Amino acid sequence: MTQKNSNLIWVLLVGLSLFIVYLFFQNQSIEEERKAESSATLVTTQVVRHSALVRQVTSLGTALANESVQIVSNTSDYLIELNINEGKLIEKGQLIAQLNDVEERARVAELSASLVDQKRQLERVKNLAKTQATAQSLLDEQQTRVNTTQAQLDAVKARLNEMTIRAPFTGVLGLRQVSEGAYLTAGTVLTTLDDLNKIRLEFSVAEYYLAQLKPGMTVNSSSVAYPGKVFTGQIKAIDTRLDPVTRSVKVHALVSNDELELRPGMLLNVSVTLAEVQALQVSEKAIVPLQNKQYVFVVNQDNTVTQTEVQLGQRMPGLVEVVSGLNAGDQIVIEGTTKIRSGSVVTPTVSKAGQ
């Protein structure tokens, strides 16, 4: 009996020892799990999805008048009549200025009378030449006189026309630069004339977008002078040459300006819609720049993160397009990127915006 009791005691002691060892390792495992959980970094994540993206190019543009000229004097004389209503509309062909043309009118009258008389004499010589062969030389001389007088008359009439300045097209007159009664010399600027019903908007676009630009595309523009107002037009022409320094091309668009709010020389913010596509877009906060490359942290199924290189496309306020490096459904870190590295364990909290 003593031997049996002794063996039983040993069995109980061994079993108790094994149980104590089991409890010890069980506690160690729980403690390690607690430490692992406590070492996980709390981050905010976003699920990557496709969404509508409007591809557009933005630029700064300058407003130009659809038609614009300086009204100048082509000859020298006194200004006897001036019809410049500054800032007012004037129709094509209306009188703007009249120079003293008394001498020119008198010269036209003189040459016109002389031409009539010489043509009458020419007819007499022609009749004489039909019967007398010697009259042919007289006919040639008289024809020369008629031609010379006609040329002089045409020259004086052209000078007479220069004394009257009319609007070459319908537009708005600018500020007056001269006064009635002033003596004008050739080249003196009287005022400006601008067609402002439509504005030519000139802006530059990078070479990268050249193949996507087409005449007829919609152009939206805005000015600090009219907050919140959008001026819409269409691309009219694309320059045939690129600037070799900036590698950009000049584009002209026509913008309606019925209310004459836009003026030549104004600076405008320009955007051109190129296309609307479905693309992967992520929060700008997810992008981690490193040297010349861009990275994001992708959350794996075991809650570890992997630093992944991505190629970026178009940027929008708060968002950026990802061209390559991510797939739809990937979960990425958008807040807390400075506290983790590749391989770190995280506790993700999905952002409502990224759900």
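This is a predicted model: local features need pLDDT of at least 70, side-chain atom pairs count only at pLDDT 80 or more; totals for chains, interfaces and linings use all residues.
Visitor: Quick one to start: what is the relative accessible area of Ala-158?
Guide: Ala-158 has a relative accessible area of 38%, which makes it partly exposed. Buried means under 20%, exposed means over 50%, and partly exposed lies in between, using a 1.4 Å probe and protein chains only.

Visitor: Where is Ala-158 found?
Guide: Ala-158 is found in helix H3, which covers residues 136-162.

Visitor: Let's talk sheets. What is the strand order in the open sheet of 4 strands?
Guide: The order is E6-E5-E3-E8, with antiparallel pairing. Two strands pair if DSSP finds at least two bridges between them.

Visitor: Which strands stand at the edges?
Guide: E6 (164-166) and E8 (183-184) do, and each has a single partner strand, so one side of each is left without a neighbour in the sheet. E3 (residues 77-82) and E5 (residues 95-99) are joined by 3 bridges, and in E5, Gln-98 is the bridge partner of Glu-81.

Visitor: What else is in E3? Where does Ile-80 come in?
Guide: Ile-80 is found in strand E3, and it is partly exposed at 44% relative accessible area. Together with Tyr-78 and Tyr-183, Ile-80 makes a nonpolar surface patch of about 330 Å². A patch is made of residues with over 30% relative accessible area and no salt bridge; like charges are joined within 9 Å, and nonpolar side chains (Val, Leu, Ile, Met, Phe, Trp, Tyr) within 5 Å. The areas come from the Shrake-Rupley method with a 1.4 Å probe, and for residues only the protein chains shown count as cover.

Visitor: Which residues touch the most other members in the largest nonpolar core?
Guide: Leu-201, Phe-203, Val-219 and Val-272 do, in a core of 24 residues. A nonpolar core is a set of buried Ala, Val, Leu, Ile, Met, Phe, Trp, Tyr and Cys residues joined through side-chain atoms within 4.5 Å. E9 gives the largest share of this core, 5 residues.

Visitor: What does Phe-203 touch?
Guide: Leaving out residues up to four places away in sequence, its contacts (heavy atoms within 4.5 Å) include Leu-60, Val-219, Val-251 and Val-272. There is also a second, separate core of 17 residues, with Ile-71, Ala-167, Leu-173 and Leu-184 among them.

Visitor: New topic: how many salt bridges does the structure hold?
Guide: It holds 10 salt bridges. A salt bridge is a side-chain nitrogen of Lys or Arg within 4 Å of a carboxyl oxygen of Asp or Glu. In one of them, the closest N and O atoms of Arg-107 and Glu-110 are 3.2 Å apart. These two residues are 3 apart in helix H2 (residues 102-129), or about one helical turn.

Visitor: What is the salt-bridge partner of Glu-335?
Guide: The partner is Lys-285, with the closest N and O atoms 2.9 Å apart. Glu-335 lies in strand E18 and Lys-285 in the loop between E13 and E14 (288-290), so the pair ties together parts that are 50 residues apart in sequence.

Visitor: Back to E18, then. How many of its residues are buried?
Guide: In E18 (residues 331-335), 4 of the 5 residues are buried, while Glu-335 is partly exposed at 37% relative accessibility. E18 also pairs with E1 (residues 41-47) in the antiparallel sense over 4 bridges, and Thr-44 stands opposite Glu-335.

Notes. Residues are numbered from 1 along each chain as its sequence is written. Side-chain values use heavy atoms; hydrogens and water are left out.
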